[in-house]
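User: Please take a close look at one residue of this model and its surroundings. Then relate that part to the rest of the chain.

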Amino acid sequence: MKDIKITIVTVTFNRAHIIKDAIEGVLRQKYKNYEYIVVDGKSKDNTVELLKEYEPKFEGRMRWISEPDKGLYDAMNKGVRLCHGEWVCFMNAGDTFASPNCLSLIINELSNPQNDVVYGSVNVIKNFGMITVRPRGLDLLRRKMAFCHQASLSRRSLLIEHPFNLEYPIVADYDFFHWCYTSGKTF
């Protein structure tokens, strides 16, 4: 099995009250060939102080910036430009990995040179408990998302070739996956 470098990008703005779960979920991953990039939109809460507190725990695998941006997808594009991993996962401030084995469990899929996007299920916690949202058929990508972007990893090269379009303030992730699908990329 190839030792593949994965980049996990967290974008945040004034989410100090929830970002700890995302940071700790990354820190707990058993697969350690990752880099962790946090793109903060110049938060006015104590996000930067938290990042400074956690950075040493990553032993050189964490980098962060705090500067104004043009929103979520601009921040995600910044994270992609900063990363060195072959694969990119977006784990935003309110997200976390379901277990410490998440990256370990998918590394074989990432090792397959045929794969361009790898995706799975996501657990969503609601007032009434946790539900698992499973991916639907990829044909759905012709008109809407077939899976949650938090439960996907994409080749960095594709995110460089087709960055998130800032003209779509709430569906730029769908635009990216739709482009991958219609361009014949392998899911």
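Analyst: Not counting residues up to four places away in sequence, Lys-78 touches Val-39, Ile-65, Glu-67, Pro-68 and Asp-69, where contact means heavy atoms within 4.5 Å. The model is a predicted one, in which local features need pLDDT of at least 70 and side-chain atom pairs count only at pLDDT 80 or more, while totals for chains, interfaces and linings use all residues. Residues are numbered from 1 along each chain as its sequence is written, and side-chain values use heavy atoms, with hydrogens and water left out.

Lys-78 is found in helix 3; helices (H or I, at least four residues) and strands (E, at least two) are DSSP runs, numbered from the N terminus. With a relative accessible area of 11%, Lys-78 is buried. The classes are buried under 20% relative accessible area, exposed over 50% and partly exposed in between, with a 1.4 Å probe and protein chains only.

Besides Lys-78, the buried set holds Tyr-73, Asp-74, Ala-75, Met-76, Asn-77, Gly-79 and Val-80. These buried residues pack against strand 1 (6-12), strand 2 (34-40), strand 3 (62-66) and strand 4 (87-90), and also against helix 5 (156-161) and helix 6 (172-182).

The nonpolar interior comes next. A nonpolar core is a set of buried Ala, Val, Leu, Ile, Met, Phe, Trp, Tyr and Cys residues joined through side-chain atoms within 4.5 Å. The largest such core has 28 residues, of which Ile-6, Ile-8, Tyr-34, Tyr-36, Phe-58, Phe-97 and Leu-110 touch the most other members. Two or more residues of this core come from each of strand 1, helix 1 (16-27), strand 2, helix 2 (47-54), strand 4 and helix 4 (102-111). Helix 1 gives the largest share, 5 residues. A second, separate core of 27 residues includes Val-80 of helix 3, together with Val-9, Val-11 and Met-145.

Asn-14, in the loop between strand 1 and helix 1, has a positive phi of about 55° although it is not a glycine, and at 23% relative accessibility Asn-14 counts as partly exposed. Glu-59 lies in the loop between helix 2 and strand 3. Its phi is also positive, about 50°, although Glu-59 is not a glycine, and at 67% relative accessibility Glu-59 counts as exposed.

On the scale of the whole chain, there are 6 helices and 8 strands, following the pattern β-α-β-α-β-α-β-α-β-β-β-β-α-α along the sequence. Buried residues make up 45% of the 187 residues. Of the contacts with a separation of 6 or more, 75% join residues 24 or more positions apart. The radius of gyration, 16 Å, agrees with the value near 16 Å that a compact globule of 187 residues would have; the radius is taken over C-alpha atoms, and the globule rule is 2.2 Å times the number of residues to the power 0.38.
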